[in-house]
Amino acid sequence: VMTSYGDGVYKSTDAGRTWKKMGLELTRHISGISVHPSNPDIVYVAAQGALHGPSAERGIYKSTDGGSTWGKILFVDDNTGCSELSMDMKNPRILYAAMWDHRRLPWEVRSGGHGSGLYKSVDEGKTWTKLTKGLPEKMGKMSIAVSRANPDKVFALVESDTHKELGGLFVSNDAGASFSIASKDHRLTQRAWYYIEVFLDPKDENTLFVFNSPGLISKDGGRTWSNIRGTHGDYHHLWINPDNPKNMVV
């Protein structure tokens, strides 16, 4: 759905009044930035990459000097970018990533391929393990989130259209070692290319939000869902105050 692209990462050290460009111009589409909770010089960038063709400038990048220099720490192939990166805020050495094999062509949206997969690192991105147990064999766009309330609980929203392994919301209670289906509610993954967003309450491991059209909330770990009301029908991003979950920005 994108019609333009970005030109890299920017940084502000004065609460947003002024900005400095910090590189990664050729990543084109950046899906997320994660900052270490106690050392702001450690920064991870999830690069979805170029939309219309192959590119080596995609994957996950890391800086240990506040963005002055960058190193690529996870790369699958020229067609696979990172659609989501989630850091364990209780142990920021642990990272979860959703890698998405995709291409936007004039006549086709190709979502999914052999490059798609979920990954975990326990050593600040030095090495990565592919997560497979309980997940569909073929996957399209995905998001992944680790709970602040219980870091052993990880949710993944997965687009999949294989005959026996339809997508939906998956949950792990063992820090990604295995997953099981939490919900096959079609509303969670409809218009996957445009949405696929899952957010977790920082205090309650069983309260989560999936953003789509409409926005949805579950208070029982994803089994049942109700609509969020009072705003526009398209829901794309949510910030929840980690100290006061009643304080949100949508």
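1. What share of the contacts in the protein chain with a separation of 6 or more comes from residues 24 or more positions apart? In this predicted model, such residues account for 43% of those contacts.

2. On secondary structure, the protein chain comes to 21 strands and zero helices. Its radius of gyration is 17 Å, close to the 18 Å that the globule rule gives for 250 residues, so the chain is as compact as a globular protein of that length. Taken along the principal axes, the box that the C-alpha atoms fill is roughly 45 × 45 × 35 Å.

3. Two or more residues of the lining are given by each of the elements β3 (30-35), β7 (80-87), β12 (142-146), β16 (197-200) and β20 (239-240), and of the elements it is β3 that gives the most, with six residues.

4. Which classes of residue make up the lining of the largest pocket, and how many residues belong to each? Sorted by class, this lining has 26 nonpolar residues, together with twelve polar and seven charged ones.

Conventions. Residues are numbered from 1 along each chain as its sequence is written. This is a predicted model: local features need pLDDT of at least 70, side-chain atom pairs count only at pLDDT 80 or more; totals for chains, interfaces and linings use all residues. Side-chain values use heavy atoms; hydrogens and water are left out. Helices (H or I, at least four residues) and strands (E, at least two) are DSSP runs, numbered from the N terminus. Ala, Val, Leu, Ile, Met, Phe, Trp, Tyr, Cys and Pro count as nonpolar, Asp, Glu, Lys and Arg as charged, and the others, Gly among them, as polar. The radius of gyration is taken over C-alpha atoms; the globule rule is 2.2 Å times the number of residues to the power 0.38. Contact means heavy atoms within 4.5 Å.
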